[in-house]
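Please open the model in your viewer and keep the selection panel at hand.

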Amino acid sequence: MYENDGIGVCQLNADDVIAVLEKEKTLTLATSADNRVTTRQMSHVNEGLAVYFQTGAHYLKIQQIKANPNVAMSVGGYELEGVATLIGHPLDELNRFFIEKYQAKHPQYAKRWSALPNQVLVKVEVTLVRRWCYVNGEPVIAIWEG
């Protein structure tokens with residue numbers, strides 16, 4: 001449950017977040033392990049509030065996700081938190097939905113990276129979304145919790 005530290009809270013519409021995820025080509029992903037936090041821009045696709053991206057299996061972000069699957073993302077003014085899992089190669093038959101969406105949204109990256117043998121597909125199940133907004137001139141945090 002989200003603790004608001006005395007700041008006003010209102011409900012966030014998940015459909016608004018989904019629309020931003022679909023529109024934006026990249027998001028910022030934060031991962032952490034062993035007292036080190038790192039961020040980077042990621043090309044992504046989504047199904048609802050589930051976010052997917054591919055990357056090299058030996059990159060730092062994957063090592064951090066293996067050690068600590070709790071991640072944070074930022075996109076279009078929204079702050080998202082979630083749990084990441086590795087779900088195989090981007091071209092695995094079970095991941096056909098991903099590659100179809102990824103090719104449509106990021107054709108140049110799909111062509112260049114998706115077939116490489118060291119690629120891994122990551123799924124982030126979003127558990128919390130926040131966004132600052134104003135109600136009657138007062139700052140409040142709009143929240144969605146899954």
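Select Met42, Gln54, Thr55, Tyr102 and Trp113: of the 13 residues lining the largest pocket, these lie nearest its centre. A pocket here is an open set of points on a 1 Å grid over the protein atoms alone, where a 1.4 Å probe fits and protein lies on both sides within 12 Å along at least five of seven lines; lining residues have an atom within 4 Å of a point. The space in this pocket is about 220 Å³, a volume being that filled by probe spheres set on the points, which are joined across faces, edges and corners.

The model is predicted: local features need pLDDT of at least 70 and side-chain atom pairs 80 or more, while totals for chains, interfaces and linings use all residues. Residues are numbered from 1 along each chain as its sequence is written, and side-chain values use heavy atoms, without hydrogens and water.

Next, colour strand 3 (36-43), strand 5 (50-56) and helix 4 (107-113), each of which supplies at least two lining residues. Strand 3 gives the largest share, four residues. Helices (H or I, at least four residues) and strands (E, at least two) are DSSP runs, numbered from the N terminus.

From Thr55, move to Asp16, 39 residues away along the chain; their C-alpha atoms are separated by 27 Å. Asp16 belongs to helix 1 (residues 14-23).

Finally, display the whole chain, with its four helices and nine strands. Its C-alpha atoms fill a box of roughly 50 × 35 × 20 Å along the principal axes.
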